Amino acid sequence: MMRKFWLGLTDNRFKAAMAAVERTGACLGDLAEDPSAASAFFRPLRAALRAATSGKTEQAASAQARAAAEDLAALLERFFSDLSLHRTAPDAALKEALLCLQRACSAARGLAGPRTKERAAVEIRGLCAGARRTLALAKTAADGAPGGFPKNIKFSSIYSGLDAAFDALERCAEALFKV
């Protein structure tokens, strides 16, 4: 915890990326219930990430983490906006993937500690892999389901959007691990 505190004081990009991941994880359940709130939640978060400049220390990894956290926020804003636009409630696969995302975001705080970063990285990779597997199976089922073509395309693109968010989270976690 002391290292996280120190990095928060000396590296604004690290601080912004970590805060964005933690806040995102904390609000995923609320956003799943009310996806129309995505813009109100993610726009200020993305603005704070863009505004984060280097602090007293310069680390390339913290700049990469900030950029990946901004990608994560943009992708999730799009994902929830698509759910809202299509008036679609998350199905079982999306709920499971969002739960994995929430747990992975929560585990990210461990990336700041020298004793906990290895375990946190493994946990995040495992949660992302499990969610990807769930999304891939659901996307395959949506693509191959007979009838309901517009619904199948809609869910297929929603699954792909959430899968891309997992890529951004993994990039962010890798960069936070290197800080």
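pLDDT is the predictor's confidence in each residue, on a scale from 0 to 100. You'll want that number in mind, since what you're looking at is a predicted model. Averaged over the protein chain, pLDDT comes to 89, and 87% of the residues reach 70 or more.

Confidence isn't even along the chain, though.

## H2 against H3

Now for helix H2 (residues 12-33) and helix H3 (residues 38-51): their axes come within 10 Å and cross at roughly 175°. That angle makes H2 roughly antiparallel to H3, because anything over 145 degrees counts that way.

Who does the touching? On the H2 side you'll find Ala16, Ala17, Ala20, Arg23, Thr24, Cys27 and Leu31, and on the H3 side Ala38, Phe41, Phe42, Leu45, Ala48 and Leu49. Sorted by type, the residues of this contact are 11 nonpolar, 1 polar and 1 charged.

## H2 against H5

The crossing of H2 and H5 is left-handed.

Here, H2 brings Val21, Gly25, Ala26, Leu28, Gly29 and Ala32, which meet Leu98, Leu101, Gln102 and Cys105 of H5. The contact of H2 with H5 splits into 7 nonpolar and 3 polar residues, with no charged ones.

Definitions and conventions: Residues numbered from 1 in each chain as written. Predicted model: local features only at pLDDT ≥ 70, side-chain atom pairs only at ≥ 80, totals over all residues. Heavy atoms only, no water. Axes fitted to C-alpha atoms, helices over the stretch in contact; angles between N-to-C directions. Helix = DSSP H or I, 4+ residues; strand = E, 2+ residues; numbered from the N terminus. Parallel < 35°, antiparallel > 145°, perpendicular 65-115°, else oblique. Contact = heavy atoms within 4.5 Å. Nonpolar A, V, L, I, M, F, W, Y, C, P; charged D, E, K, R; others polar. Left-handed = near helix turned anticlockwise from the far one by under 90°.
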